[in-house]
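Me: Got a structure open here and want to talk through one part of it. Can you take a look?
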Amino acid sequence: ASERTYSNAQNLLNWVKQQDGHIRAVPAHAVVNLLIEDAFDRIRPQAVSHGTRLLNEIPLDDVILVDSALLSIVLNNLLINAIANTRVPEIRITSRSHAHHSELRITDNGPGLPEAVMTRIQRIKAGDHTVRGEHGGSSSGLGFMIVEHIMNVLGGAFEVESANGSGTTILLRLPL
């Protein structure tokens, strides 16, 4: 199953890379709460089997201008990663509007990401897309590479904050 997941992620990443400059975001007004609920619906079976609570704390009147299909790919990658790799007890999603961007905050109360994974994420954000997990490692970085590419297409960015033993927060910043 993990080889199949890796292969699917690799294929998606290769497709995204081939589309570089050809993928065009088609923004439309979207109710963020409903986008999150759709993403939660797709991962709910895994969440239940791992005992993970999914909390959508985004108000129903929170509307952003975004390509919903592309943002869904980002959300799916991040949520599947949180459940599959860290087996977190809870995932909470909140939002906040700023002067020039909207922010989605995906927070879990799991064990946090190991330093090696955080290093791979920083290398990906710096443009190193040759990152692969070490033999026996739990993360190749493919999901974060996909997130990085798609967030660039959306005109946004992402950040990861994590410390060993204190959970992980992922910030998705999207232009207004």
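Me: Which residues in H5 are buried?
Reply: This is a predicted model. In its helix H5, the buried residues are Leu142, Phe144, Met145, Ile146, Val147, Glu148, His149, Ile150 and Met151.

Me: So is H5 enclosed or open?
Reply: Largely enclosed by the rest of the structure, because 9 of its 12 residues are buried.

Me: What span should H5 have, and how far apart are its ends?
Reply: H5 covers residues 142-153, and at 1.5 Å a residue it should span 16 Å. The end C-alpha atoms are 17 Å apart, which agrees.

Me: What comes just after H5?
Reply: Glycine 155, with a positive phi of about 80°.

Me: Switching to rings. How many aromatic pairs are there?
Reply: The structure holds 1. Phenylalanine 144 and phenylalanine 158 are stacked, at 6.1 Å centre to centre with 10° between the planes.

Me: What charged end sits over phenylalanine 158?
Reply: That of lysine 125, 4.5 Å from the ring centre.

Me: Back to helices. How do H3 and H5 pack?
Reply: H3, residues 68-86, packs against H5 at an angle of about 155°, with the axes 9 Å apart. That angle is over 145°, the cut-off for roughly antiparallel, so H3 is roughly antiparallel to H5.

Me: Left-handed or right-handed crossing?
Reply: H3 passes H5 in a left-handed crossing.

How values were computed: Residues numbered from 1 in each chain as written. Predicted model: local features only at pLDDT ≥ 70, side-chain atom pairs only at ≥ 80, totals over all residues. Heavy atoms only, no water. Helix = DSSP H or I, 4+ residues; strand = E, 2+ residues; numbered from the N terminus. Expected span 1.5 Å × (residues − 1). Buried < 20%, exposed > 50% of the residue type's maximum accessible area, 1.4 Å probe, protein only. Phe/Tyr/Trp six-rings, centres within 6.5 Å; stacked < 30°, edge-to-face > 60°. Lys NZ or Arg CZ within 6 Å of the ring centre and 35° of its normal. Axes fitted to C-alpha atoms, helices over the stretch in contact; angles between N-to-C directions. Parallel < 35°, antiparallel > 145°, perpendicular 65-115°, else oblique. Left-handed = near helix turned anticlockwise from the far one by under 90°.
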